[in-house]
Amino acid sequence: MPYLRQDSGGVPSYKMQLQENIPLAPLTTFHIGGPARWYADATTEDEILEAVAFAGEQEIPLFVLGGGSNLLVSDAGFPGLVLHIGLRGIEQRPGGIFVVAAGEDWDQFVSTAIEANCGGIECLAGIPGSVGGTPVQNVGAYGQEVSQTIASVRALDLRTNEFVDLPAERCGFTYRRSIFNGIQRGRYIVSAVTYELVNNAKSAVNYADLKRYFQERASHPSLSEVASAVREIRKSKGMLLVEGDPDCRSAGSFFKNPVVPSEVFARIAGQSATTVPHYDAGPQMVKIPAAWLLEHAGFLKGYALGRAGISSKHTLALINRGGASAEDVLMLRDAILQAVESRFGIRLEPEPVFVG
Ligand SMILES: Cc1cc2nc3c(=O)[nH]c(=O)nc-3n(C[C@H](O)[C@H](O)[C@H](O)COP(=O)(O)OP(=O)(O)OC[C@H]3O[C@@H](n4cnc5c(N)ncnc54)[C@H](O)[C@@H]3O)c2cc1C
């Protein structure tokens, strides 16, 4: 049903389409979740402003939806307005600069950049979701993070109701974190992201999986060869959206890799009969793969708990095995959190956003 705002003279001042009771499950990669009380698709910055005004007038909560690939929506749905960001457009400027509207598909933008022979995001090929979603959790994979190439983020500041251009230094990027999902969560709606890529770049082959993939190669792979390799590796792990593959009815990795003080790591390593994989994470800090912790707490690939489960290809991906509810996934989440905490004394942090 279209919502027509009336100004004081009774004349509709805009005609943004608002729909009611829209099922959210099909709009998420988990395929889980009840309806949105209100739903709108913004294709311009003005429409974002209109939607925000509507939520304010109705005094209802607002949720910003991108590609729905990092969400677990509750079975009851969302009682307010779900605003889908549908702004489109990619503008290429000299010097490897791309200004990309938030509603563009991320993987398609990666392909566009590579076609223009620009590097810096080739290892991020195949990640689902929208461009506007990438700064939110500082998307990363195979040795690259978007924070390495984001120059600025354009967003509506809900405190002032004005669009601002935030330089990368103000976005607070760290591992899977930014101000957008951290200290300023809920304050900004991203409308565009400016990436500074490298013209005629040499591709990045720094990650172990990629090095292995190209080990027989005499020459250095091109940007598009690296992107294809990444997509292929992701597919083998159920980390690429492939129609009909139940292993990708997920939100990707469900848990972040914990970063712990080195003495915590030493304790875990001391108790383990096998070598515990780990990476340096700054002074006196160590990152431990969450997948290793899950596996050693009894949660292996293919594990099933009712209609929820763990991907048969990737330990960290909780999946909807078919007809799962959010409740089913949360039960599995809690079982994992409890087992890992009681075995290792580490409380894992989930990566997806819980809605409603
Ligand atoms: C199979 C699979 C593989 C994945 N692999 C990876 C991976 O390798 N690395 C990785 O980092 N992530 C990965 N993910 C997670 C996910 O793809 C990313 O986090 C993605 O960037 C989310 O974008 P989205 O548009 O789908 O956001 P959504 O899921 O729609 O939203 C996620 C959060 O971002 C907010 N948001 C979205 N758009 C905007 C906007 N325009 N303005 C303000 N807030 C916004 C939402 O409100 C919500 O809080 C994977 C997911 C799946 C399903």
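C118 is buried, at 1% relative accessibility, where buried means under 20% relative accessible area, exposed over 50% and partly exposed in between (1.4 Å probe, protein chains only). C171 is buried too, with a relative accessible area of 0%. Keep in mind that this is a predicted model, in which local features need pLDDT of at least 70, side-chain atom pairs count only at pLDDT 80 or more, and totals for chains, interfaces and linings use all residues. Residues are numbered from 1 along each chain as its sequence is written, and side-chain values use heavy atoms, with hydrogens and water left out.

**Cysteines**

- A disulfide is a covalent bond between the sulfur atoms of two cysteines.
- Here the test for one is a pair of cysteine sulfur atoms within 2.5 Å, and by that rule the model has 0 disulfides.
- C118 is in no disulfide, as the nearest cysteine sulfur, that of C123, is 15 Å away.

- Helices (H or I, at least four residues) and strands (E, at least two) are DSSP runs, numbered from the N terminus.
- How many residues of strand β13 are buried? The number is 6 of the 8 in residues 150-157, so β13 is largely enclosed by the rest of the structure.
- Strands of a sheet pair through backbone hydrogen bonds, either parallel or antiparallel.
- In this model two strands pair if DSSP finds at least two bridges between them.
- β13 runs antiparallel to strand β15 (residues 188-196), and 7 bridges join them; A155 has V190 in β15 as its bridge partner.
- β13 also runs antiparallel to strand β14 (residues 162-167), with 6 bridges between them, and here V153 stands opposite L166.
- β13 and β14 form a hairpin with 4 residues between them, and N161 in the turn has a positive phi of about 60°.

**Around the ligand**

- Which residues come nearest to the ligand? They are V64, G67, S69, S130 and R234, out of 33 residues around the ligand; a residue counts as near if one of its heavy atoms lies within 4 Å.
- That shell divides into 16 nonpolar, 15 polar and 2 charged residues. In this grouping Ala, Val, Leu, Ile, Met, Phe, Trp, Tyr, Cys and Pro count as nonpolar, Asp, Glu, Lys and Arg as charged, and the others, Gly among them, as polar.
- Three strands, β5 (62-65), β11 (140-141) and β15, each supply at least two residues of the shell.
- A polar backbone atom of G68 is 2.9 Å from an oxygen atom of the ligand, and a polar backbone atom of V190 is 2.8 Å from a nitrogen atom of the ligand.
- R234 brings a polar side-chain atom to 2.6 Å from a nitrogen atom of the ligand.
- The ligand has 970 Å² of accessible area on its own, and the protein covers 94% of that; these areas come from the Shrake-Rupley method with a 1.4 Å probe, and for residues only the protein chains shown count as cover.

- 3 bridges join β17 to strand β19 (residues 285-287), and P261 has M285 as its bridge partner.
- Another open sheet of 3 strands has the order β20-β21-β22, again with antiparallel pairing.
- Its edge strands are β20 (304-305) and β22 (318-320), each of which pairs on one side only.
- Strand β21 (residues 308-310) is joined to β22 by 3 bridges, with N320 in β22 as the bridge partner of A308.

- E145 belongs to strand β12 (residues 144-145) and counts as partly exposed, at 22% relative accessibility.
- E122 sits in the loop between β10 (118-119) and β11 and is buried, with a relative accessible area of 2%. E122 and V226 are 104 residues apart in sequence, yet 6.4 Å apart in space, C-alpha to C-alpha.
- D247 lies in the loop between α4 (223-236) and β17. Is D247 buried or exposed? D247 is buried, at a relative accessible area of 7%.
- The side chain of D247 makes a polar contact (3.1 Å) with the side chain of K313. A polar contact is a pair of N or O atoms within 3.5 Å; within protein, one must be able to donate a hydrogen and the other to accept it, and residues adjacent in sequence count only if both atoms are side-chain atoms.
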